[in-house]
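Hi,

Here is the structure I promised to send over. Have a look at it first, then read on for what turned up.

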Amino acid sequence: MYRSILAISEGGPEAAISFRLAHRIASMFGGTVDAVHFSETHPGDADIAAQAMPFLKRVTDDRLKSRALESERAYKELLASLPGATFTGGHAVTRDQLVRMGRFANLVLVGRPSLDAENIAPETVKAAIYDCAGPVVVAPPNVGEGGFSSVVVAWNGSAQAARAAGFALPFLAHAAKVTILVADASPGDLGMPFLLRTLGRHGVNATVETMDHGDITGRARGRALLEYTRDKGADLLVMGAYGHGGLTNFLGLGGATAKVIAACPVPLLLAH
């Protein structure tokens with residue numbers, strides 16, 4: 001169960017989006033939320049342009065302070081009423097501290113990268129997925145309300161997909177409809193009987209569907225998965241997170257994972 005949720009905000013419009021989804025999930029599972037404002041850049045940091053033109057430094061510092069205040073405002077509005085909820089603000093949180101907190105949470109929740117042109121969320125999402133060692137939920141612009149009645153699980157038999165399906169069990173057990181989507185392979189070749197057996201032992205009666213992409217690029221596969229998710233009217237998409245080493249293809253530079261993260265219309269649960 002997701003009793004302890006770490007919700008990360010970098011301020012701006014994604015603060016309310018992330019915290020609203022965190023409240024939705026916490027309320028569903030009787031959990032609470034540790035909200036954190038995090039920024040890679042802090043007031044007082046100065047780049048070359050700011051050193052040459054001090055007024056730019058003042059503008060940047062004011063913007064950063066405003067974003068921190070927006071995270072705190074969103075927390076007070078959306079999360080402070082949850083029993084046990086906490087907020088860590090200011091500018092003292094480092095990425096190492098953020099990762100450490102994430103490793104002790106049942107679920108890490110972040111806003112969609114590039115939802116806000118000013119923030120630097122892709123690096124935060126990268127740290128959450130690859131370093132926190134647990135499930136990560138990426139919030140879309142419209143986070144929805146209530147439970148998650150229809151869930152799609154993208155399955156390819158990989159370790160990442162297995163971790164994602166396992167981490168998603170609380171959602172799957174609450175869903176009225178669970179669809180396992182297998183692309184470009186025979187379900188029997190990917191251990192589907194074992195997956196269905198395990199899900200069944202948790203009370204999950206899943207339906208298996210297949211899709212043949214043919215010879216297309218990773219990003220095209222991502223688009224196909226997004227279209228399938230929309231057509232199914234799903235409330236949640238579950239999938240493994242795939243990248244190469246230092247995530248060179250993750251930050252909008254290609255691959256099915258990057259495409260899905262950038263445009264998923266519903267909350268997206270990922271595991272690496």
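Are Phe 29 and Phe 171 buried or exposed? Both of them are buried. Keep in mind that this is a predicted model.

Those two residues also form a pair. Their ring centres are 5.4 Å apart and the planes stand at 85°, so this pair counts as edge-to-face. Phe 29 belongs to helix α1 and Phe 171 to helix α7 (residues 169-174), so to speak a link between distant parts of the chain, 142 residues apart.

Phe 171 has another partner: with Phe 148 it makes an edge-to-face aromatic pair, 5.0 Å from centre to centre and with 75° between the planes. Phe 148 sits in the loop between β5 (136-139) and β6 (150-155), so this pair ties helix α7 to a part of the chain 23 residues away in sequence. Phe 148 counts as buried because its relative accessibility is 2%. Together with Tyr 2, the residues Phe 29, Phe 148 and Phe 171 form one aromatic cluster. Have a look at Arg 24 too: its charged end sits over the ring of Phe 148, 3.8 Å from the ring's centre.

Now for the wider picture. The chain has ten helices and ten strands, and 48% of its 272 residues are buried. The largest nonpolar core holds 50 residues, and Ile 25, Leu 79 and Trp 155 are among those with the most contacts inside it. Helix α1 (residues 13-29) gives this core its largest share, nine residues. There is also a second, separate core of 35 residues, including Ala 154 and Met 211.

Cheers

Technical notes: Residues numbered from 1 in each chain as written. Predicted model: local features only at pLDDT ≥ 70, side-chain atom pairs only at ≥ 80, totals over all residues. Heavy atoms only, no water. Core = buried A, V, L, I, M, F, W, Y, C linked by side-chain atoms within 4.5 Å. Buried < 20%, exposed > 50% of the residue type's maximum accessible area, 1.4 Å probe, protein only. Helix = DSSP H or I, 4+ residues; strand = E, 2+ residues; numbered from the N terminus. Phe/Tyr/Trp six-rings, centres within 6.5 Å; stacked < 30°, edge-to-face > 60°. Lys NZ or Arg CZ within 6 Å of the ring centre and 35° of its normal.
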